[in-house]
Amino acid sequence: MSEFERVMRQLEQRPALVHPAEIIKLKQLIAEAGQGRRFILQAGECAERFIDCQSELITEKLKILLQISLIATQGLRRPVVTLGRLAGQFGKPRSDELETRDSVTLPSYRGDIINGFEFSPAARRPDPHRMLDAYQCACATLNWIRALSDSGLTELTALRRWTLFKEKKASSVFQELQERIEEAVAFLQVWGGEKPSPTLLNRNPVFASHESLLLPYESALTRYSEDTSAYFNLGTHFLWLGERTRDLHGAHVEYLSGISNPLGIKVGPSMTPDELVALVRKLNPANEWGRITLITRLGHQRVADVLPRLIQAVQAEGLNLTWSCDPMHGNIVRMSDGLKTRYFDNIMAEVLVSQKVHHELGSWLGGLHLEITAEDVTECVGGDVGVSEDHLTLNYQSYCDPRLNYGQSLELMLRFCDSFKTLTQREVVSANSISPRRKELAPCTSV
Ligand code: PEP
Ligand code: CO
């Protein structure tokens with residue numbers, strides 16, 4: 001038996017990481033996001049690293065997800081489904097097979113689940129044992145997140161504990177929101193004469209997701225559920241199909257068509273409406289709500305041109321699905337020294353144009369898909385935090401794509417919410433020409 005086969009046998013025997021009931025619950029929540037009643041925040045690392053599998057760093061990841069989800073809940077007037085790019089986001093598709101440095105050429109880094117980041121022949125050799133390490137890190141990450149949730153961290157009353165370790169205090173906008181919510185909770189307590197019930201204060205769990213890329217790993221964690229008579233990937237809750245592996249007749253689509261998890265499909269600018277419809281039909285033959293989330297990543301220059309045609313095709317075919325926007329992957333630029341970056345303004349432009357196009361076509365943009373970190377990195381240029389091109393090398397840690405740092409992530413969600421408010425207020429004003437007092441209330445009453 002080869003080493004690869006030995007690893008596969010071991011992985012196949014390991015316990016599942018999540019339960020089918022959790023996956024079914026998530027699918028239901030995504031279905032509601034598709035129908036305009038929820039919003040999905042899917043965010044986290046571009047490439048998770050084994051060295052970051054540490055309690056403090058995982059806690060920080062959870063806290064930034066909670067902070068942004070809270071901003072979105074308040075700003076969009078909808079409950080937010082929090083879906084981390086974590087506990088399995090270890091494999092990376094690469095545009096270039098090879099990397100050359102100082103006339104030495106080696107295989108590209110493909111994520112910690114396949115090979116090492118260090119630029120040496122030994123590190124870059126694929127090693128099947130890395131799949132066991134990935135399983136171990138995914139397991140530890142999920143376990144710690146569940147422990148933190150069970151300890152009450154995700155409850156509204158624990159809001160003060162959501163402040164990041166590295167920030168002396170929360171950003172001023174978040175702090176203000178914190179205070180307002182604490183006041184509201186205190187008011188509820190006085191009003192009801194007792195602490196509000198846990199169901200009111202608690203939230204849905206934080207779910208996990210990653211790209212379905214390394215098929216042996218995904219297959220080893222795919223299990224049959226007797227209760228539901230269906231196959232599930234029980235290594236995570238949600239999987240997405242990448243832009244480079246979405247061939248209708250390819251192995252990745254074939255694999256995903258056989259499992260019952262909710263699926264994301266990355267949609268790049270070269271996708272035609274016909275291709276999109278065929279792919280969605282193949283992956284969701286029963287036209288079930290919650291099964292498919294289309295994650296458009298069109299780039300700020302193409303979005304206004306491409307997105308309307310895709311939305312119209314989905315509407316014309318009556319496809320039941322959820323829309324999300326990934327403003328990250330269509331907006332990568334390379335600096336002269338080879339470093340990859342993204343401009344905050346371009347990311348923001350894609351988000352706001354997508355939001356507007358959906359709104360104008362009567363479609364609900366039900367989610368955002370972001371690459372973020374709670375760390376104070378300098379990987380994306382711009383934002384109020386003022387990262388310039390010259391700052392990029394100061395704290396660039398990503399092994400793959402540049403992520404929004406803490407300040408940039410919060411700013412993006414705040415501006416998204418502001419723009420939502422403007423769009424929906426404008427609509428109410430033109431429909432009713434109502435009094436200013438009524439105008440203020442309009443976004444809440446529309447939910
Ligand atoms: C990613 O999400 O990390 C990624 C590689 O995206 P895409 O497939 O859209 O390029
Ligand atoms: Co990426």
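How do the residues of the shell around ligand 1 divide into nonpolar, polar and charged? Two are nonpolar, two polar and eight charged. Here Ala, Val, Leu, Ile, Met, Phe, Trp, Tyr, Cys and Pro count as nonpolar, Asp, Glu, Lys and Arg as charged, and the others, Gly among them, as polar.

The model is predicted: local features need pLDDT of at least 70, side-chain atom pairs count only at pLDDT 80 or more, and totals for chains, interfaces and linings use all residues. Residues are numbered from 1 along each chain as its sequence is written, chains are lettered from A and ligands numbered from 1 in the order in which they are written, and side-chain values use heavy atoms, without hydrogens and water.

Now look at the shell itself. Residues around ligand 1 include Arg-85, Trp-240, Gly-242 and Glu-371; each has a heavy atom within 4 Å of the ligand. For Arg-297 the distance is 2.7 Å. For Lys-266 it is 2.8 Å. For His-329 it is 3.1 Å. The protein covers 98% of the 300 Å² of accessible area that ligand 1 has on its own (Shrake-Rupley method, 1.4 Å probe).

Next, the aromatic rings. The whole structure holds eight aromatic pairs, with ring centres within 6.5 Å. Phe-39 and Phe-416 form a tilted one, 5.6 Å centre to centre with 40° between the planes. Planes under 30 degrees apart would count as stacked, over 60 as edge-to-face. This pair links strand β1 (residues 39-44) to helix α13 (residues 406-432), and its partners are 377 residues apart. Helices (H or I, at least four residues) and strands (E, at least two) are DSSP runs, numbered from the N terminus.

Notes
Polar contact = N/O pair within 3.5 Å; in protein donor to acceptor, adjacent residues only side chain to side chain. Phe/Tyr/Trp six-rings, centres within 6.5 Å; stacked < 30°, edge-to-face > 60°.
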